Amino acid sequence: MADIYGFDAFSPKQIAEKVDNIGVTKARLPLLSMVMLGVLAGAFIGLGALYFVLIKSDANLGFGTSQMLGGLAFSLGLLLVVVAGAELFTGNNLLAMAWADNKITTTELLRNWLVVACSNFIGAAGLAVLVYVSGHTELNHGVIAERYLQIAQAKCSLPFWTAFFRGVLCNILVCMAIWMAMAGRSVVDKAVAIVFPISAFVAAGFEHSIANMFFIPLAMCIKAFSGTAAATATDALGWLGFIGNLIPVILGNLVGGSVLVGLVYYVIYLRKPVLPSDKT
């Protein structure tokens with residue numbers, strides 16, 4: 001009965017083969033499809049970030065509780081990406097497996113990463129503008145706006161290497177969430193696989209480049225147009241601070257996802273053993 005209904009999960013070896021083959025498909029998507037799916041993913045992650053801030057704006061919650069519940073809420077973003085379908089830069093770092101397996105070229109790999117990252121920015125920043133003009137940040141007597149400013153100010157103030165290593169740790173967990181979601185055969189399977197790694201990276205305060213493409217532009221809108229005392233106090237918040245955050249976080253996400261997950265699992269499950277005859 002279990003075989004008929006597929007209650008069993010895919011094995012790690014099968015997951016590696018799926019990620020490898022899906023990487024080829026993702027790398028060769030038509031440009032328009034890749035861009036549109038990338039825009040969707042940026043907006044989806046932004047919705048998860050919005051949900052996170054709603055939880056964090058409740059001053060009655062303790063630090064640990066708000067971080068954990070906020071992380072659970074943020075999981076909405078990756079659930080939408082995986083279940084509804086979208087192209088997310090941080091998840092697509094797993095294309096390194098197909099590249100290492102010589103199934104896609106370096107040009108195809110870099111094209112996917114560049115197009116998807118830029119499209120994610122359009123989706124995330126575009127959602128940030130929509131959220132601002134909707135008046136959402138005025139909820140809870142403006143506490144939500146203040147929370148966005150605090151979050152973005154802290155991100156823009158991070159030293160380079162702190163942001164880098166937080167980016168590494170973040171994308172290890174994000175790519176592990178996607179990896180484990182590949183083992184599932186149902187939406188429920190995928191949801192369970194996603195929630196724990198994603199809530200863990202958020203609760204731990206790690207850095208996700210696409211989420212920051214929502215947090216910081218929205219905070220910049222608040223700072224530019226609200227004129228409140230809280231907004232004027234965010235001295236590190238601006239384009240220089242935004243770029244100063246994105247560069248190390250993107251690099252960290254790349255190392256965490258492509259090297260410490262994608263290439264590690266490639267070596268474990270897909271790398272062809274070198275036979276003595278091959279050395280001659």
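# Close-up views of a predicted model

**View 1. K26 and E87, a buried pair.** Both K26 and E87 are buried. This is a predicted model, and here two side chains meet in a salt bridge, with the closest N and O atoms of K26 and E87 2.7 Å apart. The pair links distant parts of the chain, since K26 sits in helix 2 while E87 belongs to the loop between helix 4 and helix 5, 61 residues apart. As a reminder, side chains of opposite charge can pair when their charged atoms come close.

View 2. D20 forms a salt bridge with K103, and their closest N and O atoms are 3.0 Å apart. Are the two partners buried or exposed? D20 counts as buried, at 2% relative accessibility, whereas K103 counts as partly exposed, at 33%. Salt bridges that share partners join D20, D101 and K103 into one network. Across the structure, the count comes to six salt bridges.

**View 3. E17 and K13, partners within one helix.** The side chains of E17 and K13 meet in a salt bridge, 4.0 Å from N to O. How many residues apart are E17 and K13 in helix 2? They are four residues apart in helix 2 (residues 12-27), and so are separated by about one helical turn. An α-helix has 3.6 residues a turn, so residues three or four places apart point the same way. E17 counts as partly exposed, at 36% relative accessibility, and K13 counts as partly exposed at 36% too.

**View 4. Helix 9 and its packing partners.** Helix 9 (residues 187-203) has 17 residues and reaches 24 Å from its first C-alpha to its last, close to the 24 Å expected at 1.5 Å a residue. Its buried residues are A193, I194, V195, P197, I198, S199, F201 and V202. Which helices do these buried residues pack against? They pack against helix 3 (31-56), helix 4 (63-85) and helix 8 (160-181). Just after helix 9, look for G205, which takes a positive phi of about 80°.

View 5. Which residues make the nonpolar surface patch of about 610 Å²? The patch is made by F160, W161, F165, I243, I247 and L251. Helix 8 and helix 12 (239-270) are the elements that give two or more residues to the nonpolar patch. Take I243 as a guide: its place is in helix 12, and at 43% relative accessibility I243 counts as partly exposed.

**View 6. Cysteines without a disulfide.** A disulfide is a covalent bond between the sulfur atoms of two cysteines. How many disulfides does the structure hold? It holds zero. C156 itself counts as buried, at 12% relative accessibility. C170 is in no disulfide either, and the nearest cysteine sulfur, that of C175, is 8.8 Å away. With a relative accessible area of 0%, C170 is buried.

Note on methods
Residues numbered from 1 in each chain as written. Predicted model: local features only at pLDDT ≥ 70, side-chain atom pairs only at ≥ 80, totals over all residues. Heavy atoms only, no water. Expected span 1.5 Å × (residues − 1). Buried < 20%, exposed > 50% of the residue type's maximum accessible area, 1.4 Å probe, protein only. Contact = heavy atoms within 4.5 Å. Patch = residues over 30% accessible without salt bridge, like charges linked within 9 Å, V, L, I, M, F, W, Y side chains within 5 Å. Areas by Shrake-Rupley, 256 points an atom, 1.4 Å probe, with all protein chains shown as cover. Disulfide = S-S within 2.5 Å.
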